[in-house]
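Here is a short tour of a two-chain model, written to be read with the structure open beside it.

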Amino acid sequence: MREAISCEEIHKVFYEGRPWSKRKKIVALERICFCVGKGEIFGIVGPNGSGKSTLIRVLSTLLIPDEGRASVLGYDVVRNALEVRRVINRVSVDAAFFKKLSAWENLRYAARLYGLPLREAKAKCLHILEHLDFDPKRFHEPVEDLSRGMQQKVAIARALFTSPVLLLLDEPTTGLDPRSKRDVQDYVLEIHKNHDVTVLLTTHDMHEADKLCDRVAIIDQGRFVALDKPEVLKRRVALENGRGHASLEDVFFALTHREWED
Amino acid sequence: MGGLMETLKEAKTTLAFLERNFALVKRYLGWEIVFITYSIVNSLCILFIGVTQGKDMVMYLAVGAIVWGFLAVLFHEISESVAWERWEGTIEYTFMAPVRRFTHLFGSCLFAVGYGILRSGILLSCIVLFFGLSLGNANLFAAFVILLVSGLSFIGLGLVAAVLPLLSTERGAYATHIFEAALLLISGVYYEIDVLPRWLRPLSVISPATYTLRSMRKAILEGSSLQELWPTIVFLLVIGILLIPGGLFIFHQAEMHAKRAGKLTRGG
């Protein structure tokens, strides 16, 4: 098995409004096909509401697609959900914690869920948090008293200390200050270098995608409009625009036909 | 051997939910004290109404207050477990953890049983302190067996009710409270079901709490033996045995529906 993720024709539609009234149909994912190789950092970039988180939720076994098939390390995300959950972990844009519990109490709960010995789990968490420049003195403070950046660092520790084979990072740096953002990005690169982990990263930060990802897919209105290495995409758009250089941002606007105002 | 290891691992995982809920009770201790105080005062007020009619009536009401206190905590803790996770924003994290749903719900049930016993114990102590009731005539062992067996059916009912917040965030939580209130009304907690309007009585027949309270009063007020209460105990056991897998099945179906409709999110 060389593929960490395989998605074939994933299609998902949501309906807004009451069942008895005329409901608005929203195509969240439209026939998405892609594969991610083991050990790859794969980025999905797109604006808010483009379908990035929906795709992550399908791969996290939290959402069943209407059509198509998705698998993680060969396990079907619908039929073999438990096996998939054993090999993945996820950091979402909103660090979801029991707010009144301390960072450690939340991590301890996660350790129990993933069947990790508590002593080992604690040591691992502290090691990861140290790398992320988290003040260990605040380890026993209620999460609600921690800043957004610190909460996100705890969320990253929670995802990593279970040693996932596939790490799903759903806009992990959104809302972080520049320093915390850089800490998180550097740590993702470090764990990718030192551990056998595949990373699926969603972001609307083009610079982040360019810095971290081996390959990038651009998603817009539930469809992949491009998928390649960042350099290839940039070269292609630079050529099309008749310029010597293009950024990933230029690629995004050229391929989605959007303007800055959008 | 592999199966045994897997079972032991799952049993250990239930600790996650026990520990987490205990930690949450500790952190929200102020509110817990408020709720317990309110329920104690509420029960004592009802018992004082019975004082004018003699000790037997006080005892009759006390059984209702304690049994309902236990069953309501059991029902509430289980049915609210999903709503609570959604409110905290951890629902996605818990549902994507490599834990069988049975283990998840069993952990919540274990906590509910322990917490229900603790709260009922506190209520019983307060009642004894205020009214000096004697349990000399009571068959406490039979009462304990009835409570244990009834717990199963309330766990089952709680599992069914837990589905509602899974399907609809806010309205689901409203519905579980209405369901709980309806059980209180129809089950003869503080009165015999004969006093209910005729049209309401058929609902009493389908509430397991009706049989629990009736047999509990027989055990405590009349000292009835297990042999005398056996038919009701078996009946309650059967209801529990049917309701728990039924509740789990319904929960599984609702979870699949929530996953198809995209409702397994903090916002629902």
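Two strands pair if DSSP finds at least two bridges between them. Helices (H or I, at least four residues) and strands (E, at least two) are DSSP runs, numbered from the N terminus. Please keep in mind that this is a predicted model, in which local features need pLDDT of at least 70, side-chain atom pairs count only at pLDDT 80 or more, and totals for chains, interfaces and linings use all residues. Residues are numbered from 1 along each chain as its sequence is written, while chains are lettered from A and ligands numbered from 1 in the order in which they are written.

**Strands of chain A**

Let us begin with β9(A), residues 215–220. Strand β3(A), residues 41–45, pairs with β9(A) in the parallel sense over 4 bridges, and G43(A) has V216(A) as its bridge partner. β9(A) also pairs with β10(A), residues 223–228, this time in the antiparallel sense over 5 bridges; here A217(A) stands opposite L227(A). The hairpin of β9(A) and β10(A) has 2 residues between the strands, and Q221(A) takes a positive phi near 50 degrees.

An open sheet of 4 strands in chain A has the order β2-β1-β4-β5, with antiparallel pairing. Its edge strands, each pairing on one side only, are β2 (24–37) and β5 (75–76) of chain A. Within this sheet, 5 bridges join β1(A), residues 3–16, to β4(A), residues 67–72, and I5(A) stands opposite V72(A). Helix α1(A), residues 52–59, lies across β1, β2 and β4 of chain A and runs at about 65 degrees to β2(A).

Now turn to α3(A), residues 103–113.

| Pair | Axes come within | Crossing angle |
|---|---|---|
| α3(A) and α4(A) (residues 118–131) | 10 Å | roughly 130 degrees |
| α3(A) and α1(B) (residues 2–27) | 7 Å | roughly 160 degrees |

Angles under 35 degrees count as roughly parallel, over 145 as roughly antiparallel, 65 to 115 as roughly perpendicular and the rest as oblique. α3(A) and α4(A) are therefore oblique to each other, whereas α3(A) and α1(B) are roughly antiparallel.

Residues are in contact if their C-beta atoms, placed from the backbone, lie within 7 Å. On the α4(A) side, L107(A), R108(A) and A111(A) of α3(A) meet L118(A), A121(A) and C125(A). Towards chain B, E105(A), R108(A), Y109(A), R112(A) and L113(A) of α3(A) meet T13(B), L15(B), A16(B), E19(B), R20(B) and A23(B) of α1(B).

**Where the chains meet**

How many residues does each chain bring to the contact? Chain A gives 25 residues and chain B gives 27 residues. On chain A, α2 (81–87) and α3 each supply at least two residues of the side that touches chain B, and the largest share, 5 residues, comes from α3(A).

**Annotated spans**

UniProt annotations may be inferred rather than shown by experiment; positions follow the numbering used here, and feature names are shortened. An unreviewed entry annotates residues 5–246 of chain A as "domain: ABC transporter". This span of chain A is 37% helix and 27% strand, with its end C-alpha atoms 29 Å apart. For chain B, the unreviewed entry's annotation "domain: ABC transmembrane type-2" covers residues 22–254, a span of 83% helix and 0% strand whose end C-alpha atoms lie 27 Å apart.

Conventions
Contact = placed C-beta atoms within 7 Å. Axes fitted to C-alpha atoms, helices over the stretch in contact; angles between N-to-C directions.
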